[in-house]
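Student: I would like to learn how to read a contact between two chains. Where do we begin?

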2 protein chains.
Amino acid sequence: MEPNCTTPSDNYAADISSIRQAQVRIEPFAHKTPVLTSETLNSIAGRKLYFKCECFQKGGAFKFRGACNAIYSLDDDKAAKGVVTHSSGNHAAALALAAKLRGIPAYIVIPKNAPKCKVENVKRYGGQVIWSEPLMQSREDTANKVLQDTGAVLIHPYNDGRIISGQGTISLELLEQASEIDTLIVPISGGGLISGVALAAKAINPAIRILAAEPMGADDAFQSKSNGRITMLSEVNTIADGLQAFLGDLTWPIVRDLVDEVIVVDDKEIIQAMRLCYEILKIAVEPSGAIGLAAVLSDSFQKNPAYSECNHIGIVLSGGNVDLGVLWKSFD
Amino acid sequence: MEPNCTTPSDNYAADISSIRQAQVRIEPFAHKTPVLTSETLNSIAGRKLYFKCECFQKGGAFKFRGACNAIYSLDDDKAAKGVVTHSSGNHAAALALAAKLRGIPAYIVIPKNAPKCKVENVKRYGGQVIWSEPLMQSREDTANKVLQDTGAVLIHPYNDGRIISGQGTISLELLEQASEIDTLIVPISGGGLISGVALAAKAINPAIRILAAEPMGADDAFQSKSNGRITMLSEVNTIADGLQAFLGDLTWPIVRDLVDEVIVVDDKEIIQAMRLCYEILKIAVEPSGAIGLAAVLSDSFQKNPAYSECNHIGIVLSGGNVDLGVLWKSFD
């Protein structure tokens, strides 16, 4: 059994102790990402904003933290057979990169409709791409076949304590870099990122507020919180290709208990926030990465008196893997 | 007389002492910009690269350092009448911002063909825009008229010891952040940036190599170095709108003596480097900002045996103010 497979306190899949262990484990490999600030954006938002730039993480997204922690948690015998995942994006690239660092194979099941730049990232890091149909059933079936054929270990993109612990290291860094933060706004999809961030942040400062940012066209977390149970959607439709997964049975209890509210924004707000990231912060984020800024600028946040005391807001810019082909074509 | 108007040693317009004074002067206002690294780009370049991200500086470019130093060098009486400059871009915005911080007027003469986003930056920071025709003669005439009308102080974009000293603070920071650097690659235009960077870096480490990166369509610095005297061009033509100025009488002696070589790259190489900045570093740079990376990847650098011992290369990503309208239109 891996060290992080023991059930942490509160029956959650991770806790501050597993997150601190993850920090030690990934420290030799992961970037400590910078925190950027902008007077212009502070002025637009009416608050002080602290941007945790996970787009600068290895592989271009926070996912490397969890993937690295998961892979370096494996004992040598298990690790030797490699790892498998089915993921459309950043987790896949991150897992390939972490596997490459440890010198083990990574089998990545990718749906045929995945963004080209994310597939290229997987290949760049030496991941073995195995194509599947877009639907989740096909992705899972293909991954299971690979598992049987290779004896590799499945590393789920978010529903895994080792992954949650790795993502939680963001809070350890960020609250050291900007200890005045009273609120964190974090993108939500499967819930691995926000679960880790919330567990660590609340352990350090129980008064800290944790807000999730979710696209309107994939608002399963918002609906799950409203319904008090995991709620799936029959279809999703958003520009934020990294935020289309649903909560898992390990992330749901953490989201249910520790996330104060899910703020839902539409694609137009996401694109506007993305534009501000490029034009003001000078950071090339992907749509999913900009959603935290979209949330803080939304009416749902700005006009809610409950948030009038949120003055120092940490925003996780989660990733920067986006196809900008149209931009480069314009220079031809 | 302003403290920085005394002639520093070696008859240059600035020296390590004026640069250290500038650092103290601007420290309350300027960002200490992060240094990013990328294994992928290291592998492409065959060296370790250290990207000094001046696109994250206030105003979106390194220019704020010099502008802030110049404005806070003025005594109160002089400052009260405001400052003037004629600039197509980042210096203008930086001067407007620094003037706003000090609470004095900034009169900015801008040619009608300046990039829209740069004009918007000037306005955002409260600069008073005064339009001129594109040619330098019209810009200078208009600026002189403003000087007469207002009694304001002219702050030249680069040919000024206070500006050079401010830009030199980049070296103080960078060599503290990455002391292993043996080579610096810096964009060259009027020479204010590279003069400051070279003066400070050579004072800290005389063995450090200073390379300039210049666009082929505006290679006056390359020609000046070849000819041993300031050489102007009858026309310039490059996508790097921030690199179209010519050396001045204060920057030329420093460039002549301290810059080891000018590496010339074409626009295609600049765009390719810009693309790598967006796709790999996740940084939204302007063409001028990417030219240092273009230089290190160019044949002129890669195939020159003189550079085989340049293993730790600091690259100044000088700015990020670029119109990306085509990108946002694609989301409509």
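Tutor: With a definition: a salt bridge is a side-chain nitrogen of Lys or Arg within 4 Å of a carboxyl oxygen of Asp or Glu. The model shown here is predicted.

Student: How many salt bridges does the rule find across the interface of chain B and chain A?

Tutor: The rule finds zero salt bridges there.

Student: Which elements of chain B give two or more residues to the side that touches chain A?

Tutor: They are helix H2 (39-45), H12 and helix H15 (325-329) of chain B. H12(B) supplies the largest share, seven residues. By class, the residues of that side are 18 nonpolar, seven polar and six charged.

Student: How much area do chain B and chain A bury between them?

Tutor: About 2,700 Å², with 73% of it on carbon and sulfur atoms. In chain B, the residues that lose the most area to chain A are B:Lys282, B:Trp328 and B:Phe331, together 26% of what that side buries.

Student: Where is B:Lys282 found, and what is its phi?

Tutor: The general idea comes first: most residues other than glycine have a negative phi. B:Lys282 has a positive phi of about 65°, and lies in the loop between helix H12 (267-281) and helix H13 (287-297) of chain B. In chain A, A:Lys282 has a phi near 65°, also a positive value.

Student: Is B:Lys282 buried or exposed?

Tutor: Buried means under 20% relative accessible area. B:Lys282 has 3%, so it counts as buried. A:Lys282, at 4%, is buried too.

Methods:
Residues are numbered from 1 along each chain as its sequence is written. Chains are lettered from A and ligands numbered from 1 in the order in which they are written. This is a predicted model: local features need pLDDT of at least 70, side-chain atom pairs count only at pLDDT 80 or more; totals for chains, interfaces and linings use all residues. Side-chain values use heavy atoms; hydrogens and water are left out. Buried means under 20% relative accessible area, exposed over 50%, partly exposed in between (1.4 Å probe, protein chains only). Helices (H or I, at least four residues) and strands (E, at least two) are DSSP runs, numbered from the N terminus. Buried area is the accessible area (1.4 Å probe) that two parts lose on being put together, summed over both. Ala, Val, Leu, Ile, Met, Phe, Trp, Tyr, Cys and Pro count as nonpolar, Asp, Glu, Lys and Arg as charged, and the others, Gly among them, as polar.
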